[in-house]
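Colleague: Could you take me through one part of this model in close-up, and then step back to the whole chain? I'd like one connected answer.

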Amino acid sequence: MNSCKTTTTKQVLISKNIYEEMKEKISSEHFTFGLQFAQESITESIYKEDLRILQEEFTLPMKRNVLGLLTIPVYVNHVLCHFILDTGAQISGIRTKYANKIGIHRVDGKLGIGSVGGSENVMPGCIAEQLQIGGLEYHQKPMILLNDDTMSLRLGTIDLLPFDGIIGWDILSTIDFEMDDIAKEFKVLKNRFQFPCQNIIPGSFPTFLCTDENNCLCIFGFDSGSKVSWLSEDYIEEKKLNVVYEGHAAGFGVHGIEKLPIKIVDKVILNLDRAKIVLKDTMSGRCNLFDGFQYDGIFGNQIFKGRRIRIVNSRNVVLLV
């Protein structure tokens with residue numbers, strides 16, 4: 001059974017030269033401008049976000065659902081909803097039944113969304129007149145419409161995933177925030193600190209620089225919309241990791257449940273900021289999210305269970321202690 005243990009260790013310092021080298025290595029048009037392209041695909045025009053900052057700092061209650069995903073209260077068109085915090089989603093979305101209930105304006109624009117298995121489905125777009133997350137209020141916010149059938153996980157008549165939508169990287173990449181799994185709080189914070197190094201590559205997917213147990217540099221994405229982490233097959237082969245199982249597993253994403261071919265690695269050790277992350281029985285999965293490069297792996301939100309993670313986008317820094 002997959003498990004993750006995170007402990008505090010010596011800080012991993014990434015030199016400026018290595019950081020700039022990695023930044024140049026993975027930069028591509030889609031990686032750099034993918035969020036903008038996604039929004040413009042929905043609006044079918046050049047998009048400029050209308051954001052009104054009511055509070056620079058605020059705290060919201062955060063809960064884990066039955067699948068270990070993190071939800072916060074959000075107001076859409078002044079109606080209270082509960083959205084999953086999903087750094088792995090390129091753009092925010094709302095379930096169709098809630099969009100119809102609240103009166104969300106549909107548009108003709110569409111967006112191709114990749115699945116956990118690598119297939120791509122075209123999803124319809126919509127415009128939320130008002131979307132409020134604590135002290136942040138967005139107007140005319142482009143979103144995707146999530147299919148109610150594929151986004152449901154039912155036990156009889158009970159929906160085990162009672163959420164209304166997702167807050168994606170299109171929003172989360174623009175703020176400094178902390179997910180506190182101790183106090184069960186989501187916090188938007190104004191950064192007041194300088195840091196000795198950078199370890200986030202800015203782009204269309206949260207990208208962390210970390211090291212393995214041999215102090216070799218690794219590039220990992222971060223998907224808070226997944227509980228578990230996974231590794232690329234190339235990374236497994238390159239590092240000669242011990243594969244204890246090959247077969248298939250069920251994966252759940254925005255397109256519903258898919259059957260996926262997987263390998264399972266018995267153990268991998270990684271260091272991120274001041275955290276030592278030990279992943280056991282970790283599966284392989286899709287890591288080629290952008291043309292020209294692929295991640296060594298993707299961290300799920302298990303890496304900060306019972307801890308705190310702070311993403312300081314204004315300084316390109318992730319803190320995990």
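Modeller: Let's start at Ser 232, which touches Gly 285, Cys 287, Gln 294, Tyr 295, Asp 296 and Gly 297, leaving aside residues up to four places away in sequence; a contact here means heavy atoms within 4.5 Å. This is a predicted model, so local features need pLDDT of at least 70 and side-chain atom pairs count only at pLDDT 80 or more, while totals for chains, interfaces and linings use all residues. Residues are numbered from 1 along each chain as its sequence is written, and side-chain values use heavy atoms, with hydrogens and water left out.

Ser 232 is in the loop between E19 and helix H5 (233-238). Helices (H or I, at least four residues) and strands (E, at least two) are DSSP runs, numbered from the N terminus. With a relative accessible area of 2%, Ser 232 is buried; that word means under 20% relative accessible area, with exposed over 50% and partly exposed in between (1.4 Å probe, protein chains only).

Now go to the loop between strand E18 (217-222) and strand E19 (230-231), where Ser 226 lies. Ser 226 also counts as buried, because its relative accessibility is 13%. Again leaving out residues up to four places away in sequence, Ser 226 touches Leu 69, Gly 300 and Asn 301. Thr 87 is 139 residues from Ser 226 along the chain, yet their C-alpha atoms are separated by 9.2 Å.

For a strand, have a look at E3 (residues 58-61): Phe 58 and Leu 60 form its covered face, Thr 59 and Pro 61 the uncovered one. E3 pairs with strand E15 (residues 185-188) in the antiparallel sense, over four bridges; pairing takes at least two bridges found by DSSP. In that pair, Pro 61 stands opposite Glu 185 of E15.

Stepping back, the chain has five helices and 25 strands. Buried residues make up 53% of its 321 residues. Of the contacts with a separation of 6 or more, 68% are between residues 24 or more positions apart. The C-alpha trace spans about 55 × 45 × 40 Å along its principal axes.
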